[in-house]
Amino acid sequence: MASSLVFRLHDRGPELLREVLLERGWEEYDERKQEGEDWNLYWRGSAFHGSEYHNLLPWQRLNHHPKTAGITRKDCLVRNLRRMRATFGSTLYDFSPTAFILPNDYTCFLAEFNKPSPYGRRPVYWICKPVNLSRGRGIFIFKGIKDLVYDCPVIVQRYISNPLLISGYKFDLRIYVCVKSFHPLTVYIHQEGLVRFATEKYDLSSLDNLYAHLTNTSINKLGPFYKTPKGRVGQGCKWTMSKFRHFLHSLDINELLLWQRINNIVTLTLLTIASSVPSCPNCVELFGFDILVDTKFKPWLLEVNYSPALTLDCQADVSVKKELIGNLIDLMNYTSIDRLRDRAYQTQKYKHLCVHPNPSPGVSIPVLSHLKGQTFQRKSNGMKSSQSQTLPLLKTAKTGQIQSKHVFTGNYQRHLPPVQTRGRTFNTAADTTCTDRTSTQILDPHSRTNVSRLNGQTCPVLASRLMENSLQVSEAANKDTETEAEMNLSEETDISSQIPDTRQRGQRFPHSPERWRLPNIYSGSRRPDGIRVGGSPAQHREIPPVRVGNFIRTFPFNAATLKASQHKLDVAKIAQELQQVTGLLASGQSAGKNCRREKDTDDDDFDSLLWGPKDPPLLSQCFRLT
Ligand code: ADP
């Protein structure tokens, strides 16, 4: 029987995740029964330590990428957006309200504050938010400078004083964004999301009424009118995004354009940190983007949440978040390969019986716990030697000497370091086919993992030369598996500030998707709708599926953005492509020259869905639909 996948939750939460995973047949990690690293998914509300990224095994996933504080901390976001605005222009990066980090920017803020109002006689309002707090805590809105009082680092931001209202109530949109990878940037946005309402009518003459100006659920669910029916809003303070779509239909607006502009905000925000986030293919992260829409249907980015709340406060939460978590797990693309965790531990248990009944003196047994943190070079078919991968090695229990770790089978040409056994050195850069007559390779129909039958028992396949010399190798992975213990991170403290960016220091830090995919993430028997682009097989590049459940791939969205996000990130090119799509949607232009330009290239198969509308159309079709 197939073994279960194991999830580990830090601090017992979130309950919803536990519920969804248990329903799917996962097991919860139990520290009394399991070793510290015996899990497939480790979920934390807070940041992981550097060592936790450093020590990942191929079947393990974490729910945070390293170093994303650049967008999830209010002051870092302000700084990064300012930098992007300076580089790529304020027209492109015009989606976040002007902001200042105080006390540092106080003089600049004063200069801005004293400028005449751009709205004529309408005054300018400001909102002050503590940098280190969330859920609306410590926030206030002000008009006069005497009202700006703070005793901790804050950001002061222009208050969007003309929000779109529904029955007189302010709202914002919680957009769920999954970054599957930063190298190359791969982004999905969920079709469902939440609309979060203030529970008292919007009124600029009462700036200190937080129930009228803030849309945080944590505040509004405590308000006196939470349970009262509020016109079209109804009871409570949340809608699903589907309900909001219905509302949009009732207005005569270009709905596709609004969704695309929100999509642009997500992409452009992620681009601010994409090149500084260390690559970690075993991380998949869910962000919550808070977007405010004004009366001109312009969306504004308010903030990016690091660990969006997964609590269930109302029916809208239940219908949105449960599916969201299910789809997120699907996006993590666990396959049978990931059950290697269990197999590896079992191998540990029976290795003496199975392979090494009488270990000879001087021959060492590999130990799983030493599987991490070491590296060796692996070369796959068609890969140039310069592209060879770094993989964890295995130290021997007895000598601590590096022997070998994964033995990958199939079409990989081995490129392992020499192995020393009983004084003899074997060059393991050899053909990987197991030729030992006592072993028969079998292919697990689900995991496509090559294993050997040896003495009637199944155990991971052994490289022939190692077999001949009675050297056990602890586990096997299928030929599509490409993993790497890739980060050279030594710090044990908060990852957001401590992880060194090795690429900035000029170290080689691979970017290409061939090198950084999660093990088997787009391959194997359960390959999702992944498609290939490129004319000849040699040109084929696999691209992520267009959708996984209700997660729609929003980046890359065409061949040009795929290319611009590989190797060196070309933000200018990506911006140009985004603007082109937005321009076409804004003008309601039908598929014309621009679309055909894509079709004329070798990228016929590369299409994307337009995120946002119900039944999202293909990008290549949507211009005809408008
Ligand atoms: P927190 O992390 O404390 O939730 P936010 O930046 O999300 O901080 O702000 C909380 C709420 O305040 C938002 O949900 C929104 O309703 C309101 N708000 C924040 N910034 C602005 C702004 N610039 N203009 C208008 N409303 C804002």
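Let me begin with Asn104, which lies in the loop between strand 5 (99–102) and helix 5 (106–113); helices (H or I, at least four residues) and strands (E, at least two) are DSSP runs, numbered from the N terminus. Asn104 is exposed, with a relative accessible area of 69%. On this scale, exposed means over 50% relative accessible area, buried under 20%, and partly exposed in between, with a 1.4 Å probe and protein chains only. The C-alpha atom of Asn104 is 8.8 Å from that of Pro153, a residue 49 positions away along the chain.

A word on the source. This is a predicted model, in which local features need pLDDT of at least 70 and side-chain atom pairs count only at pLDDT 80 or more, while totals for chains, interfaces and linings use all residues. Residues are numbered from 1 along each chain as its sequence is written, and side-chain values use heavy atoms, with hydrogens and water left out.

Turning to the whole protein, there are 18 helices and 27 strands. Of its 626 residues, 59% count as buried. Among contacts (heavy atoms within 4.5 Å) with a separation of 6 or more, 67% join residues 24 or more positions apart.

Next, a helix pair. How do helix 8 and helix 9 pack? Helix 8 (residues 241–249) and helix 9 (residues 255–274) meet at an angle of about 135°, and their axes are 10 Å apart. Axes here are lines fitted to C-alpha atoms, for helices over the stretch in contact, and angles run from 0 to 180 degrees between N-to-C directions. The two helices are therefore oblique to each other, given that angles under 35 degrees count as roughly parallel, over 145 as roughly antiparallel, 65 to 115 as roughly perpendicular and the rest as oblique. Helix 8 contributes Met241, Phe244, Arg245, Leu248 and His249 to the contact, and helix 9 contributes Glu255, Leu258 and Trp259.

Finally, the loop between helix 9 and strand 13 (285–293) holds Asn282. Is Asn282 buried or exposed? Asn282 is buried, at a relative accessible area of 6%. A polar atom of the Asn282 side chain lies 3.1 Å from the backbone oxygen of Leu57, and the backbone oxygen of Pro58 is 3.3 Å from a polar atom of that side chain. Two cysteines are also buried: Cys280 has a relative accessible area of 4%, and Cys283 has 0%. As for disulfides, that is, pairs of cysteine sulfur atoms within 2.5 Å, the structure holds 0.

Key: Polar contact = N/O pair within 3.5 Å; in protein donor to acceptor, adjacent residues only side chain to side chain.
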